[in-house]
Structures are given as structure tokens and as C-alpha cells.
Amino acid sequence: MATTAEALGGQPAATAPERPAQPGSPCVMVIFGAAGDLTKRKLIPALYNLASGGLLPRDFAVVGVARPEMSSDGFREKLRSEIREFVTPDVRTDIWEQLERQLYYLPGEFSDPAMYRRLQALLADVDDQHGTHGNYFHYLATAPAFFAEVVRQLGLAGLAREDAGRWRRVVFEKPFGRDLDTARGLNRDIGQTLHERQVYRIDHYLGKETVQNILAFRFSNGIFEPIWNRRYIDHLQITAAESVGVERRGSYYEQSGALRDMMPNHLFQLLSLTAMEPPISFAADAVRDEQAKILHAIPAFSPEEVLKRAVRGQYGEGAINGHRLPGYRGEADVAPDSTTETFAAFKLFIDNWRWADVPFYVRTGKRLRARFTEIAIQFKRAPFVLFRDTPVDQLTPNRLVMHLQPDEGISLSFGAKVPGPVMRLGTVNMSFNYGDYFGTTPSTGYERLLYDCMIGDATLFQRADMVEAGWHVVAPILDVWKSLPPRNFPNYSAGSNGPREADELVERHARYGRVHGS
Ligand code: BG6
């Protein structure tokens, strides 16, 4: 079938010859917290997708660990009834049945040493039956309060020890700490049992194709890198706007807020991939060294700068597409006088030769008008208006936008002459849409990350120093916001573009203000 690009007379997608990917190494994935949402929504569907793409090792098994009493058969049955809801298109019976035979379950308490002895025995059996060679990756899909304890117990039970050629890895879901001190403490605690090379701190944003494409776009094209700097770029706007509210996560969100929930992890990943220097290779540490340098080059905010350059907000009642929506304070498990922010934005700088004095505006919020995540790079305007004695009195700067979701693609705007006898300029768009060129592949966003855990590639996982550097940047904002509770909440309505002050933050600098989703 012709792609839309071909149908429109464009070039079919041309791809470089690929080395076929090999299935991951034989191993067992142990999921702590396997009775929760993440397992049924993301992890098992991602394993299914890997299996259908031929990337799941033949010698593989999953052991789910959680509190509810259930047998392995019960676990299989539960997932069998749930898988159809989370895998598209149809579930192929042969693939599912094979995967189902590889599923096991163990009920128990995460702090009970006897449970780890039972786990050890079960894993030894599974190794015998499935040829998994004692290679394990433990996936902590638990509340963060259990992270250190589970790792300690794994250590005591010998389940984190790498010897005799066996590998052992531990994957941590976010949040990793709730501020700099707790992140440092957690790194220290898990460091008593694990080497850093065994630690995989997941940031699900890095599982998104479009986020990985930032690297491909920057470093596989010769034309962008020479202008990717302060000489040509005026400012950048990195936005993750959500139209959903807090859903059923009120009690988590009350403790977290938008800043902690999104900034030091997801948005800083986007920031560091966009701003980093070309790494010397795609080896995990080469890439992560460059990302870490960016985070370390962000100067700490003084309290005055927090007041001037950071904006917080909380949504009140409003409407999206004609549906009335409650304000944040009316959501389940939220205090009626809550001061938790559901919107956060700030302007930061990166003090290095490439970016000195270039503002980066980062912002995120819930219950905004539309869902979009994008990186907008605004170039400097042409140095003067050549079109004297014409109706053109100003030029619009070029803007390159990486659309990460939901409409995945890249667009570049530039000026063009509007047809007619007088010289007028209009802004037009050149755009590439992922789906048109590459079609869509069923994905939960976790496939690549799980596969990387199996092959031992930590490039897309956060290293200890990166996590700490991220918290270090937001720490002064957290401190100032804590000591000066907001007096104007709620300050934006559900379904709007967020607080007015966030627009002003950009408009003070940039004449062609804030991007509201292009
Ligand atoms: C999670 C946050 O990490 O990311 C959520 O805790 C947020 O609050 C989600 O909604 C956004 O992820 P995505 O993939 O939907 O953009």
C-alpha cells in the first residue's frame, strides 16, 4: 500500500539497511507489585508486543510478586482476561499462549525475608524449566517507599549478586526520591547492594519513539548541528500539556504536584537531549555524560529568580469540548483547600558556550485546553527587513517544532511570498508526520525499555548523577514555593491555556510569544 507521502507524489520512506535485532538474552523478569495497573496496562502488553516482533528471548519467564493471594494459574487467568483491553489490534492466540506458559506468581509481603526465600526457590525452578541461566531483572512497580527495602532483601537473599556469568539488574519506576536529599539517600541505600551498572531508573518518556528521534534528528543530519546554538537560536519552548486531570491519583498528586511529577524527570530528559553536545558514541555512558553536563550547567535559581522566572498554577472549574469539569480541589482525594500546583513553568539558562543567554521555557500542566508535548525551537529573525517600500514591515522568525505527542512529527515554519501584485509575506509550514512515512507499530512505549533491560543497554535510563542534578535544579523552586503558599489558587480554568503569568513569562522575552500547540 502506498504511504500518504507516495500518494501525494512525495518520496517513499527510504531507510538505511538495518541489522535485524536479536531477541534479548535468556532471563526472568521479576515484577514486584505485579497486581497493579502498570503490569496489566503496560508491562505484559509490552512483553506481548516484543514476543510478536520476535524480540522476546525463547528462554524467558515472568515472576509476579505482590500482596494479593493468587496462584500462578490465577495470575495467568487474570492477565488473559485483561490483555485484550491493552493490546491492539487483536491478540494472537499462539503468541499469548506461549507467553502465558511463562508466567508465574508469588504472593507475599515485600519486607518479609521468608517471601524472598520462597522467591529464590521459585526462581531456581523457573531457571530449570525455562533455561534462564539465573539472569534476573527485578522490576519495582511498587510504591517508592518499598524501593530500598526490596533491594536490601534481594541482596540478603543473594538475588542481586552477579557471579558465575549471571547478570542481575533492578529497574526502578519513578518517582526516584521526592527531592534532592531523598534521591541522594535512596542512591546511597541501593548502592549498598547494587553497582550503578545494575541500576535501571526508568523514565517512560525515553520509551517514546519521538523522544528517541531527537537524537536521530540532531545527529544524523548535517544541516541542523551548525545552527543549533546561541548564534542562530533565539529561545526554546519545551511543553508537556495534558488535558487530563489527576484522574484517580489524587492522593499521590497531593504529595507531588506538577513540578515534582514532570520536571526533573520527563521534561529534563527532553531538555538534555535537545541541548546536549554530540556524544562520542552511542554507548550508554557517552550519551548520559553529555546529558548530565547540561543539567550541571543550569545555574541554581536564587529565591528572587524563582519569584521572577517560575510560575505555578492550579486549575479551577471549567470545560473541555463542552464537558463541565470540576476544579482540582473538587477531585477525589484532594483537600478542599489544597495548595498543590497542577501547572508549573519556568525559564532557565544553560551556562555553556553553546547556549549562554538563550532562554529555555519549560512548562507542564494538567487540564489544559489540549494534550500536546513538543519542543519548539525559535530561530533568530533575519537581520533586517529587505522589503522596504512594501507592506512588509516585520519578518516572522523560523520555528522548528518537534511534535512528540499526540501528532508525532516535525515541522518547520518559514516565510513565503503571498501570491499577488504586491509583496506580502505569509508564514507557511513544511511538515513531516511520522505515521505517513512509517505507519504505526503497536506499542505501549515500554517495549524498547524492557528489551534494553534484557540486553543490558542502559542508555535510555537515568544515572544516579542525572537524577540528583535534576533535583538540584528544581530544589530552590520547591523551597520558595513551600515557604510562600500560593494565594491566588485556583488561577486557571480547566480547559484553558494555563495561568496568564506563564504566557507573560515568554512574552516578556519573545515577541512571537507562547506556543499553544501547533
Ligand atoms: C507520569 C506522570 O509520569 O507521566 C503523570 O506521573 C503524567 O502525571 C504522565 O500524566 C504523562 O505521560 P504521557 O506518556 O501520558 O505523556
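Me: At roughly what angle do the axes of helix H2 and helix H13 cross?
Reply: The model is predicted. Two packed helices are described by the angle between their axes and the distance between the axes. For helix H2 (residues 37-52) and helix H13 (residues 447-455), the axes come within 9 Å and cross at roughly 75 degrees.

Me: How many nonpolar residues are in the contact of H2 with H13?
Reply: From H2, the residues Leu43, Pro45, Ala46, Leu47, Asn49 and Leu50 take part, and they meet Glu447, Leu450, Tyr451 and Met454 of H13. By class, one residue of this contact is polar, one is charged, and the nonpolar ones number eight.

Me: Which helix gives the largest share of the shell around the ligand?
Reply: The residues surrounding the ligand include Asp261, Met262 and His266. The largest share of this shell amounts to three residues, and its source is helix H9 (residues 250-275).

Me: How many charged residues does the shell around the ligand have?
Reply: Among the residues around the ligand are Lys174, Lys208, Glu242, Arg249, Lys366 and Arg371. The shell has two nonpolar and three polar residues, while its charged residues number seven.

Me: Where does Pro406 lie?
Reply: Gln405 is one of the residues surrounding the ligand. The peptide bond from Gln405 to Pro406 is cis, with omega near 0 degrees. Pro406 itself is placed in the loop between strand E15 (399-405) and strand E16 (409-417).

Me: Is the peptide bond from Lys174 to Pro175 cis or trans?
Reply: Lys174 belongs to the surroundings of the ligand, and Pro175 is in the loop between strand E5 (168-172) and helix H7 (180-191). Most peptide bonds are trans. From Lys174 to Pro175, however, omega is near 0 degrees, and the bond is cis.

Me: What is the phi of His133?
Reply: His133 is located in the loop between helix H5 (113-130) and strand E4 (136-140). Most residues other than glycine have a negative phi. His133 is not a glycine, yet its phi is positive, at about 60 degrees.

How values were computed:
Residues are numbered from 1 along each chain as its sequence is written. This is a predicted model: local features need pLDDT of at least 70, side-chain atom pairs count only at pLDDT 80 or more; totals for chains, interfaces and linings use all residues. Side-chain values use heavy atoms; hydrogens and water are left out. A residue is near a molecule or strand if one of its heavy atoms lies within 4 Å of it. Helices (H or I, at least four residues) and strands (E, at least two) are DSSP runs, numbered from the N terminus. Ala, Val, Leu, Ile, Met, Phe, Trp, Tyr, Cys and Pro count as nonpolar, Asp, Glu, Lys and Arg as charged, and the others, Gly among them, as polar. Axes are lines fitted to C-alpha atoms, for helices over the stretch in contact, and angles run from 0 to 180 degrees between N-to-C directions. Contact means heavy atoms within 4.5 Å.
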